Amino acid sequence: MRAMAYDPDNIFAKILRGEASAHVVLDEEHCLAFMDLMPQAPGHTLVIPREPVENLFDLSDAGLSHLIVATKRVAHAVRAAFNPPGMMIAQLNGADAGQTVFHIHFHVIPRKGGVAMPLHARTVADAAELADNAARIRAQLDAG
């Protein structure tokens with residue numbers, strides 16, 4: 001599989017540059033984490049590297065190291081904030097795998113048994129709810 005040219009106008013690149021808004025929960029030198037606008041569950045958070053790459057195959061080893069450590073920190077905070085019985089950590093590579101934003105990212109999704117979950121949510125969540133959920137996660141990151 002050949003690497004595709006990274007699109008610097010994708011929404012995550014715009015968020016990184018401050019050209020698009022997001023409910024940020026973690027802002028570090030190498031990574032950024034924010035609420036998914038179309039969450040599959042309350043607390044659904046995305047973790048992205050600042051490195052401009054589409055997928056896992058193009059990400060540097062150092063970038064992957066920073067990204068997975070940040071993802072683990074965010075997952076701990078989401079678990080503490082929402083107390084789900086399960087946690088889904090997902091990372092998709094390519095449109096055929098379900099990737100819709102072509103900047104590598106991890107999904108951190110609280111899960112409970114018996115609750116169906118489509119591959120992608122279709123409805124933008126209420127901004128106040130996203131802001132509240134982001135505050136809950138930030139409080140856990142600050143405490144931890």
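## Exercises: getting to know this predicted model

Start with overall size. For 144 residues, a compact globule would have a radius of gyration near 15 Å, and the protein comes in at 14 Å, which agrees. Keep in mind that this is a predicted model. The C-alpha trace spans about 40 × 30 × 25 Å along its principal axes.

**Exercise 1.** Work out which helices and strands the protein has, and in what order they follow along the sequence.

*Solution.* Count the elements to begin with: there are three helices and five strands. Now walk along the sequence, and you get the pattern α-β-β-β-α-β-β-α.

**Exercise 2.** Take the contacts between residues at least 6 apart in sequence and find what percentage joins residues at least 24 apart.

*Solution.* Among those contacts, the share joining residues at least 24 apart is 61%.

**Exercise 3.** Count the charged side chains, then the salt bridges.

*Solution.* There are 12 positive and 16 negative side chains, and the centres of the two sets lie 7 Å apart. A salt bridge needs a side-chain nitrogen of Lys or Arg within 4 Å of a carboxyl oxygen of Asp or Glu. Apply that rule and you end up with four salt bridges.

**Exercise 4.** Explain why the salt bridge between Asp27 and Arg50 ties together separate parts of the sequence.

*Solution.* Check the distance to start: the two side chains meet at 2.3 Å, N to O. Then place each partner. Asp27 sits in strand β1 (residues 24-27) and Arg50 in the loop between β3 (45-49) and α2 (61-82), so the pair connects parts that are 23 residues apart in sequence. As for accessibility, Asp27 counts as exposed because its value is 55%, while Arg50 is partly exposed at 30%.

Definitions and conventions
Residues are numbered from 1 along each chain as its sequence is written. This is a predicted model: local features need pLDDT of at least 70, side-chain atom pairs count only at pLDDT 80 or more; totals for chains, interfaces and linings use all residues. Side-chain values use heavy atoms; hydrogens and water are left out. Helices (H or I, at least four residues) and strands (E, at least two) are DSSP runs, numbered from the N terminus. The radius of gyration is taken over C-alpha atoms; the globule rule is 2.2 Å times the number of residues to the power 0.38. Contact means heavy atoms within 4.5 Å. Lys and Arg count as positive and Asp and Glu as negative; His and the chain ends are not counted. The place of a charge is taken as NZ of Lys, CZ of Arg, CG of Asp or CD of Glu. Buried means under 20% relative accessible area, exposed over 50%, partly exposed in between (1.4 Å probe, protein chains only).
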